[in-house]
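Hi,

Here's the structure I said I'd pass on. Have a look at it first, and then read on for what turned up.

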Amino acid sequence: MAISERDFQFISDLVRKESAISLEKGKEYLVESRLGPIAVKDGFESIVELVDKLRANTNMLLKRKVVEAMTTNETSFFRDIEPFEMMREEILPELIEQKKNERKLSIWSAAASTGQEIYSLCFLIKEHFPQLLSWDLKLVATDISTETLDKAKNGLYSQIEVNRGLPATMLVKYFTREGTDWQISKEIRDMVEFRELNLIQPWIGMPVFDIIFIRNVLIYFDVDVKKTILANMRKHMYPHSKLFLGAAETTLNIDTSFKRRSYNRGGCYEISSES
Ligand SMILES: C[S@@+](CC[C@H](N)C(=O)[O-])C[C@H]1O[C@@H](n2cnc3c(N)ncnc32)[C@H](O)[C@@H]1O
């Protein structure tokens with residue numbers, strides 16, 4: 001049965017309030033396809049009954065499940081290869097030179113989904129900058145979704161997932177076969193600190209980072225939310241820090257305190273010295 005306008009509006013308001021994800025009219029099919037399986041699994045007769053339960057506001061776990069189900073977790077290893085090439089060819093060599101006395105480097109994958117982004121950075125470091133392993137190296141991956149974070153922590157991926165973007169040499173070197181899946185070695189998993197973090201709530205305990213990847217999440221938010229998140233990001237960046245957005249995202253017309261820095265393979269953002 002198709003979701004009613006009233007129920008769609010309720011879900012849309014709930015998801016916006018809890019995650020800032022904007023579900024415009026026309027996304028009814030998405031709500032139906034994502035909530036249907038939760039309704040079945042949790043023993044509801046229909047999505048209508050599930051929404052009624054949510055309206056009663058008594059089941060926090062159900063609320064969380066529904067919000068998490070409405071997130072899009074699409075990701076892959078070395079997604080849009082350019083940021084990783086920029087990191088390898090220019091950004092990390094530059095930062096390593098700049099911080100060679102301090103020997104401290106921190107990287108944050110915000111909206112990390114199931115972990116492929118942060119693990120790609122781990123592989124990059126292991127392959128090309130092993131000297132960083134003896135530095136005070138902090139790799140943090142956060143997401144609103146506990147389900148995706150659990151998967152990221154386990155580092156267990158299907159054949160299809162490892163076929164997407166991961167060089168075969170890295171599969172052989174850093175994964176072991178687990179039935180039909182592949183698991184990342186404990187050594188790599190232990191390099192990363194995974195934390196639940198909702199970008200629209202206070203970022204308690206988050207330090208300042210040298211490099212931040214916040215890719216393919218701002219697209220789901222309204223302009224005011226993007227502005228607030230980018231302004232908060234600045235508080236977690238040094239003047240030399242680099243910020244990576246998704247290929248379809250920009251700070252242009254949203255936050256003038258950032259300037260784009262170009263590299264051979266593309267660009268990322270820095271805090272503008274004029275801000
Ligand atoms: C499309 S994935 C992007 C994954 C990865 N950054 C990439 O580019 O491949 C978007 C992620 O943003 C997360 N997300 C959505 N709203 C969020 C919020 N308010 N706070 C933190 N993470 C959020 C989702 O759970 C999802 O894992």
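Which space does the ligand take? The answer is the largest cavity. Before going further, bear in mind that this is a predicted model.

**The cavity**

The structure holds one cavity of 30 Å³ or more. Its lining is made up of 24 residues, and those closest to the centre are Thr72, Ala111, Asp143, Asn216 and Val217. As for volume, the largest cavity comes to about 330 Å³. If you sort its lining by class, you get ten nonpolar, nine polar and five charged residues.

**The ligand**

Now for what sits around the ligand itself. There are 21 residues surrounding it, with Ser19, Thr75, Arg79, Asp143 and Asn216 as the closest. By class, the shell around the ligand splits into seven nonpolar, nine polar and five charged residues.

- The side chain of Asn73 has an N or O atom 3.0 Å from an oxygen atom of the ligand.
- Glu117 places a polar side-chain atom 3.4 Å from a nitrogen atom of the ligand.
- Leu199 uses its backbone instead, with a polar atom there 2.9 Å from a nitrogen atom of the ligand.

How much of the ligand's accessible area does the protein cover? On its own the ligand has 610 Å² of accessible area, and the protein covers 99% of that.

**The pocket**

The largest pocket contains about 330 Å³ of space. Its lining has 16 residues, and Ile38, Lys41, Lys65, Ala69 and Glu147 are the ones nearest the centre.

Three helices each supply at least two residues of that lining: α2 (28–41), α4 (60–69) and α7 (146–154). Which helix gives the most? That would be α4, with five residues. By class, the lining of the largest pocket has four nonpolar, five polar and seven charged residues.

That's the handover, so over to you.

Cheers

Note on methods
Residues are numbered from 1 along each chain as its sequence is written. This is a predicted model: local features need pLDDT of at least 70, side-chain atom pairs count only at pLDDT 80 or more; totals for chains, interfaces and linings use all residues. Side-chain values use heavy atoms; hydrogens and water are left out. A residue is near a molecule or strand if one of its heavy atoms lies within 4 Å of it. A polar contact is a pair of N or O atoms within 3.5 Å; within protein, one must be able to donate a hydrogen and the other to accept it, and residues adjacent in sequence count only if both atoms are side-chain atoms. Accessible areas come from the Shrake-Rupley method with a 1.4 Å probe; for residues, only the protein chains shown count as cover. On a 1 Å grid over the protein atoms alone, a cavity is a set of points where a 1.4 Å probe fits but cannot get out, and a pocket is an open set with protein on both sides within 12 Å along at least five of seven lines; lining residues have an atom within 4 Å of a point. A molecule sits in a cavity or pocket if more than half of its atoms lie within 2 Å of its grid points. Ala, Val, Leu, Ile, Met, Phe, Trp, Tyr, Cys and Pro count as nonpolar, Asp, Glu, Lys and Arg as charged, and the others, Gly among them, as polar. Grid points are joined across faces, edges and corners, and a volume is the space filled by probe spheres set on the points. Helices (H or I, at least four residues) and strands (E, at least two) are DSSP runs, numbered from the N terminus.
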